[in-house]
Amino acid sequence: MLLLWSLLVIFASASEEAELFPYPVLTVSASWPTEGSPVTLTCETQPSPQRSNAQLRYRFFRGGRALASSWSSSPELQLPAVWKEDSGSYWCQAETVTPRVTKQSLQSQIQVQRVPVSNVSLDIWAPKGMVIEGESLVLLCSVAEGTGNITFSWHREDTGTSVGRKTQRSLSAEMEVPAVQESDAGRYYCRADNGHEPIQSKVLSICVRSPASRPVFILRVPGAQAMAGDVVELRCEAHRGSPPIMYRFYRENITLQNSLAPFGGGASFNLSLTMEHSGNYSCEADNGLGAQHSEAVTLSISGTRGYRRDRITARVLGALCGGLGFIVAVLLLYCGFHKVSGGHSATDAPRDASSANPQGSIRPSSLPDTEELQPEYVNVNPVDVDVVYSQVWSIQPPEDSANIRRTILENKDSHVIYSNIKET
């Protein structure tokens, strides 16, 4: 009898559970969803008509892990985005509170599909619209499509090096360079990979512009002192800075000239000076990234170009006159010495001739002692074609001798005729 009573109780309990609600059925909105898309899980069951007032609660599971920490009164569970790792077996439980009856559904499979990355692109962003040395630079790598964790990497083509890497579940990633340098200029690209196949972007050239440095101003004058009428050269040069560079020249903050250096380097121009050009000169270098000013140079102008030319001419003429005076003095000394030497030679020659040939006419001399002896010539035979001359030397005898003049004729050639000269 006891056994029969136990069987009746069990049968009555089973009949009561069957009457509360049927076994739940799990349904999913998509069995093959793509990564990133939402999925809705529904645990379908309802109380029996005999227990319509029974309260049910629900729980959802993937494998052996509950998707929620507690029971829910809603038979649906929203998964906002599923990923490849969310693939697996799902099931649910339904339970009444009083009496406590729990029933489990069958399992349903969900296979999440990954979308390969596509249309990878690289862009740059700079605060002022251009990449400037010392400022920040952002490299943005993005994909048009692709699901799951995507690994983004940035590369420099001209050096073959990788400059950054990030893995995240998004369609884009950024890499920031806090203070870009001029050496960072080059060709860059990025890659995106979510496990299917790495996709590379197009190559992007990055040009880094550097502001112009403080220029050096040089003012070249032809001499030690600037004079009115001189032509001076004004030169301005910034040793660093991306071209083109505009140079401006100033005198007392008044613009004299603008010069463009399209390929970098310096610029210069010539200025013809007047007395009004004295003052402070400077220059400015500007390549669009901020103007830089040079230090001022003071120019003082004295005199005029004509005055300086006359002064130079006077100096040259003075030097020439001094040189000519020296040359004349030397010539006079030379001529005087030559005459003295010649006089002695002329006196000694007739004496030797007189000793060799004592014959000849002797005439008294009336010439003064101080008169120099010079040879005299006369044509002896003017009719003859050959010109024949006589050479006469006037000799001053010693003081103790008689005042005589002796003509010495020495016949050196048979064709030469010598004659006496009449005394006048």
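Mentor: Helices (H or I, at least four residues) and strands (E, at least two) are DSSP runs, numbered from the N terminus. By that count the chain has 2 helices and 30 strands. This is a predicted model, in which local features need pLDDT of at least 70, side-chain atom pairs count only at pLDDT 80 or more, and totals for chains, interfaces and linings use all residues. Residues are numbered from 1 along each chain as its sequence is written, and side-chain values use heavy atoms, with hydrogens and water left out.

Of the 424 residues in the chain, 30% are buried, meaning under 20% relative accessible area with a 1.4 Å probe, protein chains only. Taking contacts (heavy atoms within 4.5 Å) with a separation of 6 or more, 61% are between residues 24 or more positions apart.

Now the core itself. A nonpolar core is a set of buried Ala, Val, Leu, Ile, Met, Phe, Trp, Tyr and Cys residues joined through side-chain atoms within 4.5 Å. The largest has 22 residues, and Leu-234, Tyr-247 and Phe-249 have the most contacts inside it. At least two residues of this core come from each of β17 (216–220), β18 (226–228), β19 (231–237), β20 (245–251), β22 (266–272) and β23 (279–286). Another core, of 19 residues, lies apart from it and includes Val-117, Val-143, Val-180 and Val-208.

Val-101 counts as buried because its relative accessibility is 6%. The C-alpha atoms of Val-101 and Leu-20 are separated by 8.4 Å, although the two are 81 residues apart along the chain.

How values were computed
Buried < 20%, exposed > 50% of the residue type's maximum accessible area, 1.4 Å probe, protein only.
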